[in-house]
Amino acid sequence: MFLNHISTQNIKGDAFGGLTAAVVALPMALAFGVAATGGDPGPGLWGAVIIGLVAAFFGGTPTLISEPTGPMTVVFATVFLSFTSQASSAEELKTGMAMAFTVVILAGLFQILFGVFRLGRYVTQMPYTVISGFMSGIGAILVILQLPAFLGQQVEGGVKGTLMRIPYLITHVDQPELILGLITVAILWFTPAAIKRFCPPQLLALVIGTLLSLYLPALAAADLARIPEFKASLPGFNVPNFSSDQLGLMFVDGAVLGMLGCIDALLTSVVADSLTRTEHNSNKELVGQGLANITSGLFGGLPGAGATMGTVVNIQAGGRSALSGIIRAVILMVVILAAAPLASTIPLAVLAGIALKVGIDIIDWDFLQRAHHLSLKAALITYGVIALTVLVDLIAAVGIGVFVANVLTIDRMSALQSKRVKTISTADDDVELSDEEQELIDKAAGRVLLFQLAGPMIFGVAKAISREHNAIGDCESVVFDLHEVSHLGVTASLALENAIKEAIEVGRTVHLVLLPGATRKRLEKLKLLQQLPEECITSDRCEALRRAVSALN
């Protein structure tokens, strides 16, 4: 079915779930909107509405709540800054913003392609060290970007600009702003569980922080930075801009944003499955997320994905179908239209405190504390990805991290599989042979060699095949035993072909033990079987040894 699972059998539960998720979403959308655009909450608020509504209709996870998330906001903030920071006029700024939101549209297109080509199950199959390092790096970026507003200052230049200005920020702290930010973080951190059941800490911090800024004399008298006024009307259509000479960069940014959104959404879908004991449709979910981000980009909203916090509170409050996500989006839209004028009273320090806490929560503290105990290599990959994410580039971080992790994994797998490439000339070797096979090898007295391969033979094993083959001494016949090979890669098959051809060239008789299946088909495609007499190819190792021994002079 094209639409998500929308049911009217649990209206009460879905209504409570949607209402609770909307309450949680409001302060987060405000904070992310301000963090991503440098002051305008509108894209965050409307992104929360649009993404939540479209993904609820067309996604593949009934209880998933989709909205702007911390990781998506961090990446988009970088994109937004890169396209608008050099603007010297209102027209250039407008063009830069259009390009940034076009990246959101491109991200949605990539997500749809991932879903259409059924790549959902592959999206999250990245090494955990890379995912942990990337997410922790994003969390660190979100924390760093909130420091200026948290300390009552303004800094340009993104992450690097903020890091370079830390001494200045510390020495020029605006105390009222800092106090308000600390109060916000304290509320988020220490709100009792009994209160959390009835009121999300984020909303509590937003309300209390705003009221204190208005009515506490010490704060009310201060010139606190607040959210600029914005229109409460429905968002207008944002015309995509594909005419820029930076089109290549836009596609790269779109691909990164799209991939991150896929990972974010599907990991949250797994959480939803574990809570509801259901199974989501990954590919359908990616299509729904893609449609949601395209729509959000067309109307100037932030990109988004499945949000763990919103999804969990939705399920805990009783949400069981996509109707809860639809109700959440409608409630949020009504609140935005009705209460937008009140937003200009919210201090930026409060929103910075909320976003800073989100950044701290994104950091994978549990794994970071244990990574060096589990594996030094894993720890180096994780910390390296964090450093690259924060200081260099998000794409470089993921690309280099995945490359290094895969190289180390392949090296380890190759070393393990190489142990299963053996040449056997006596029955004393540590190999499981039947009594008859041992007797045959003893009878051959070294004149027949058993060349055994087992398990998956990936390209890293080719070196071991060549090494074992080169170590072959004087023998008259070689039995290549492949009946336990579950996978024969192209590189390994070419190495095997080379070993067989060289054995034939020096006058040795070659016997091949091979079962029907993928390995046999691979060798048939290489036309290797055509070079051996039919009686030298069998599926029984013992029979191959009998033939080899009987052929001895």
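Which residues line the largest cavity? In this predicted model, local features are taken at pLDDT of at least 70 and side-chain atom pairs count only at pLDDT 80 or more, whereas totals for chains, interfaces and linings use all residues. Residues are numbered from 1 along each chain as its sequence is written, and side-chain values use heavy atoms, with hydrogens and water left out.

The largest cavity is lined by M126, I131, F134, M135, L260 and I263. A cavity is here a set of points, on a 1 Å grid over the protein atoms alone, where a 1.4 Å probe fits but cannot get out, while a pocket is an open set with protein on both sides within 12 Å along at least five of seven lines; lining residues have an atom within 4 Å of a point. Grid points are joined across faces, edges and corners, and a volume is the space filled by probe spheres set on the points. On this basis a search of the whole structure finds one cavity of 30 Å³ or more, and the volume of the largest cavity is about 40 Å³. Two or more residues of its lining are given by each of α6 (128-150) and α13 (247-276), with the largest share, three residues, coming from α6. Helices (H or I, at least four residues) and strands (E, at least two) are DSSP runs, numbered from the N terminus.

The second largest pocket holds about 1200 Å³ of space. Its lining comprises 43 residues, of which A307, T308, M309, G310 and D361 lie nearest its centre. The elements that contribute two or more residues to this lining are α1 (11-37), α3, α6, α11 (201-215), α13, α15 (308-316) and α17 (348-362), and the largest share, seven residues, is that of α1.

With contact defined as heavy atoms within 4.5 Å, and not counting residues up to four places away in sequence, Q146 touches A35, A352, A355 and L356. Under that exclusion of residues up to four places away in sequence, V143 touches L356, G359 and I360. The C-alpha atoms of V143 and G401, which are 258 residues apart along the chain, are separated by 22 Å.

Aromatic pairs were assigned for rings of Phe, Tyr and Trp (its six-membered ring) with centres within 6.5 Å, planes under 30 degrees apart counting as stacked, over 60 as edge-to-face and the rest as tilted. The count by this rule is seven aromatic pairs. In one of them, the ring centres of F76 and F80 are 5.9 Å apart and the planes stand at 45°, so the pair is tilted. Both residues lie in helix α3 (residues 70-84), where F76 and F80 are four residues apart, about one turn of the helix. An α-helix has 3.6 residues a turn, so residues three or four places apart point the same way. Both F76 and F80 are buried. The rings of F76 and F101 have centres 5.5 Å apart and planes at 35°, so this pair is also tilted. This second pair links distant parts of the chain, with F76 in helix α3 and F101 in helix α4 (residues 90-116), 25 residues apart. F101 is buried, as is F76, and ring pairs link F76, F80 and F101 into a cluster.

A charge is taken to sit over a ring if NZ of Lys or CZ of Arg is within 6 Å of the ring centre and within 35 degrees of the ring normal. The charged end of R165 sits over the ring of Y168, 4.3 Å from its centre, and that of K357 sits over the ring of W189, 5.2 Å from its centre.

Helix spans were compared with an expected value of 1.5 Å times one less than the number of residues. For α4, the 27 residues should span 39 Å, and the end C-alpha atoms are 39 Å apart, which agrees; just after α4, R118 takes a positive phi of about 55°. For helix α23 (residues 490-505), the 16 residues should span 22 Å, in agreement with end C-alpha atoms that are 22 Å apart. Just after α23, G507 takes a positive phi of about 95°. The buried residues of α23 are A492, S493, A495, L496, E497, A499, I500 and A503, and their cover includes β4 (448-457), α22 (462-470), β5 (477-488), β6 (509-513) and α24 (518-525).

Note on methods:
Buried < 20%, exposed > 50% of the residue type's maximum accessible area, 1.4 Å probe, protein only.
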